[in-house]
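This report concerns a central strand and the nonpolar cores of one protein. Please consult the sequence and the structure while reading.

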Amino acid sequence: MCEKCVASGLSRRNLIRGGGAALALAATAGFDMSSAPAHAEEAMPVSPEEALQRLIEGNARYVANKPINTDFSVNRSKRSAGQAPFAAIVSCADSRVAPELIFDQGPGDLFVVRVAGNFINEDGLASLEFGTAVLGLKLIVVLGHTACGAVVATIDVIENGTELPGHLPSLANALKPAVESAMAAKPDDLLAAATMENAKLNAAYAASAGPILSDLKTSGKLGTAAAVYDLDTRKVEFAS
């Protein structure tokens, strides 16, 4: 991925320092950063720590059924001019997991990358690089959830040798490292342990993926975190 970025002109200097390639990429994608919504710019956390705290507080409101983001028509015209999200959420594609609702954030606040099993592949990594280098994201959260069917299927493949149809084996292969790591610890609840381990491994991958994400992480401009959303309690548990 890194070699491809360099080969295409998206060098570390251009992307991380906001040089020509990043601006060209934004313009090509139709984003005018000079006209990003004023409300998003004013409310955007200035550090990874502030971004994480905003998510924690938003989830607390969601759990208490006291959301503050209920009118999605507010600032619609401003959002059409550009975007300025403050955090990326790598989420499972499960229909019960809606990051904007879970963290009580409005449209334009979160940059969401979704795939069954919430793992980061090359396409997801490219999306996160765009979000951080061009849009200025302060935080990447890899969010698993309880009763994840993708993790259940992967455990079944490893324990019982089950053969999955179609392209599902590629998904299980992506989750195997986390499941096998969890198995080695012999937890009482393998599904819960594997779900959190998968979030941790992918958050660590995001933090170390060079040159873009790792440079931002090292400089303190980007934070990464792993978490699991409980479908029953609606609470998000962040890994320590």
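The model is predicted: local features need pLDDT of at least 70, side-chain atom pairs count only at pLDDT 80 or more, and totals for chains, interfaces and linings use all residues. Residues are numbered from 1 along each chain as its sequence is written, and side-chain values use heavy atoms, with hydrogens and water left out.

Strands (E, at least two residues) and helices (H or I, at least four) are DSSP runs numbered from the N terminus. Because 5 of the 5 residues of β1 (residues 87-91) are buried, this strand is largely enclosed by the rest of the structure; buried means under 20% relative accessible area with a 1.4 Å probe, protein chains only. A87, I89 and S91 point one way from β1, and A88 and V90 the other way.

A nonpolar core is a set of buried Ala, Val, Leu, Ile, Met, Phe, Trp, Tyr and Cys residues joined through side-chain atoms within 4.5 Å. The largest has 23 residues, and F111, I120, L128, I140 and L213 have the most contacts inside it. Its largest share, 4 residues, comes from α8. L128 touches A88, V90, V113, I120, I140 and L213, not counting residues up to four places away in sequence; contact means heavy atoms within 4.5 Å. Another core, of 19 residues, lies apart from it and includes A51, A84, F103 and Y229.

Definitions and conventions
Buried < 20%, exposed > 50% of the residue type's maximum accessible area, 1.4 Å probe, protein only.
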